[in-house]
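Take a look at the structure below.

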Amino acid sequence: MATLTILRHGKSLWNQEKRFTGWTDVALSTAGIAEARQAGRLLTARGIMFDRCFTSYLNRASETLRIVLDTMKLSQVPVQKDWRLNERHYGALQGLTWWEARKIYGAKQVLTWQRDFDCPPPPLEYNDERFPGNDPLYSKIPPTELPKSESLKDTLARLLPFWQDIATPELHQGKQILIVAHHNSLRGLMKHLDGINDADIASTRIRTGDPILYQLNNALVPISRESLRSHSTFSKLSQKICGPWLQRILR
């Protein structure tokens with residue numbers, strides 16, 4: 001049995017503003033830093049250890065991972081960055097708030113771009129500063145491989161080679177791995193692992209700073225999936241509201 005933990009980065013400054021972030025490299029907010037520390041404490045309390053960690057090229061994910069490992073006193077664990085774990089690229093929406101996008105394109109169209117599995121926003125031109133090919137960080141990647149806009153389907157297609165060529169061999173060797181990435185790259189991975197259909201993936205949400213623990217069989221098919229923060233929140237509420245008698249029942 002293999003163990004996989006996935007974690008969406010803590011809240012970023014643009015998450016707070018409800019701005020389409022995509023590949024824009026935005027820092028964690030104060031709340032996001034606190035979420036990363038909480039994630040590390042939850043993982044420590046569960047007795048989780050990691051042999052290897054993966055994250056995207058974007059600072060909000062790599063900084064979340066750094067904080068988690070520091071909190072867990074696991075700073076020595078090898079970390080590998082991979083651009084294919086980056087967030088979905090939102091094309092012409094990138095940098096706009098939801099309300100700004102709604103004024104330009106209409107609320108219905110913006111919601112369609114957000115929710116539909118195979119519906120990318122308008123693409124960027126190659127000379128647009130938001131196109132990753134104009135960022136030195138991606139200079140070693142052929143421009144034709146870099147997105148000008150992506151649907152969730154596109155994001156998953158970009159992610160799958162990482163999963164199959166890099167993550168899967170580690171899991172087959174029995175290693176416990178942690179992937180710290182983004183809402184849509186992780187939603188794409190969940191769709192692949194859990195067999196979520198194209199319609200239902202629209203309602204699948206991953207909270208910032210919430211470690212999700214998978215137990216996988218030898219074929220890397222999920223046996224279980226557990227949100228550690230949800231369990232922790234329920235436990236605290238049950239202690240505060242329901243009293244010791246419920247705790248005895250739940251044991």
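Predicted model: local features only at pLDDT ≥ 70, side-chain atom pairs only at ≥ 80, totals over all residues.

K175 forms a salt bridge with E170. Their closest N and O atoms are 3.2 Å apart. E170 has a relative accessible area of 12%, so E170 is buried.

## Salt bridges across the chain

Side chains of opposite charge can pair when their charged atoms come close. The salt bridges here number 16.

One of them joins the side chains of K11 and E35, at 2.8 Å from N to O. K11 sits in the loop between strand 1 (2-8) and helix 1 (13-16), while E35 belongs to helix 2 (residues 30-45), so the pair ties together parts 24 residues apart in sequence. K11 is partly exposed at 33%. E35 is buried at 9%.

Another salt bridge pairs R225 with D194, with the closest N and O atoms 2.5 Å apart. This pair also links distant parts of the chain: R225 is in strand 6 (residues 222-227) and D194 is in helix 7, 31 residues apart. R225 is partly exposed, with a relative accessible area of 47%. D194 is partly exposed too, at 30%. Shared partners also build a network of salt bridges from K11, E35 and R229.

## N184 in helix 7

N184 lies in helix 7, which spans residues 183-194. Is N184 buried or exposed? Its relative accessibility is 3%, so N184 counts as buried.

Beyond its neighbours within four places in sequence, N184 touches E87, R88, Y90, L152 and T155.

Conventions. Residues numbered from 1 in each chain as written. Heavy atoms only, no water. Helix = DSSP H or I, 4+ residues; strand = E, 2+ residues; numbered from the N terminus. Buried < 20%, exposed > 50% of the residue type's maximum accessible area, 1.4 Å probe, protein only. Contact = heavy atoms within 4.5 Å. Salt bridge = Lys/Arg side-chain N within 4 Å of Asp/Glu carboxyl O.
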